Amino acid sequence: MEEIREIIEARYDRLAAGDVPGMLAFYAPKVVQFNLAPPLGGWTDGHDPAPLAGWLATFAAPPRRTVTQLEITASGDAAFATSLDSMTAIPKGSDSPFTMWHRMTLGLSRDDGRWLIVHEHASVPFYMDGSFRAAVDLKP
């Protein structure tokens with residue numbers, strides 16, 4: 001499970017460096033993704049740099065992410081990791097950073113002895129008071 005922990009942390013190190021190919025190296029060729037941004041989700045090309053590079057281009061510098069409360073369960077060639085993660089970034093055109101906490105679930109599969117991400121789900125809760133606002137002010 002230490003290998004999976006290292007993958008999760010290295011992925012965010014690559015993100016903070018703006019290293020798109022390095023980050024995509026942790027993904028299988030075909031990935032199910034349910035990310036914070038649209039669309040709702042579906043199968044994606046885990047090695048296509050365009051979506052990640054396009055998202056990174058919306059920030060003044062690459063975002064920094066922190067993993068907390070990481071729990072990993074593995075059996076055979078399948079593993080799941082859940083965590084509460086924060087992302088801090090400065091959108092292009094802004095002088096102020098924001099920090100947002102979100103939930104993260106990763107599914108990994110071991111292929112030829114190497115763990116790869118095959119499922120990614122990031123979500124933010126929303127207020128059930130009728131406003132349907134994303135609850136981006138929550139902290140663990």
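Colleague: Where is Arg-65 placed?

Modeller: Arg-65 is in strand β3; strands here are DSSP runs of E with at least two residues, helices are runs of H or I with at least four residues, and both are numbered from the N terminus. Keep in mind that this is a predicted model, where local features need pLDDT of at least 70 and side-chain atom pairs count only at pLDDT 80 or more, while totals for chains, interfaces and linings use all residues. Residues are numbered from 1 along each chain as its sequence is written, and side-chain values use heavy atoms, with hydrogens and water left out.

Colleague: Which residues is Arg-65 in contact with, leaving aside neighbours within four places in sequence?

Modeller: Tyr-12, Leu-15, Ser-86, Met-87, His-102 and Met-104, where contact means heavy atoms within 4.5 Å.

Colleague: What makes Arg-11 and Glu-120 a salt bridge?

Modeller: Their closest N and O atoms are 2.7 Å apart, so the pair passes the distance test. It links distant parts of the chain, with Arg-11 in helix α1 and Glu-120 in strand β6 (residues 114–123), 109 residues apart.

Colleague: Why is Arg-11 called buried?

Modeller: Buried means under 20% relative accessible area, exposed means over 50%, and partly exposed is in between (1.4 Å probe, protein chains only). Arg-11 is at 0%, so buried it is. Glu-120 has 5% and therefore counts as buried too.

Colleague: And why is Asp-77 called partly exposed?

Modeller: Because its relative accessibility is 46%. Its salt-bridge partner is Arg-110, with the closest N and O atoms 3.0 Å apart. Arg-110 has 31%, so that residue is partly exposed as well.

Colleague: What makes Glu-2 and Arg-5 a salt bridge?

Modeller: The N to O distance is 3.9 Å, so the pair qualifies. Glu-2 and Arg-5 are three residues apart in helix α1 (residues 2–16), which means about one helical turn separates them.

Colleague: How many salt bridges does the structure hold?

Modeller: Four.

Key:
A salt bridge is a side-chain nitrogen of Lys or Arg within 4 Å of a carboxyl oxygen of Asp or Glu.
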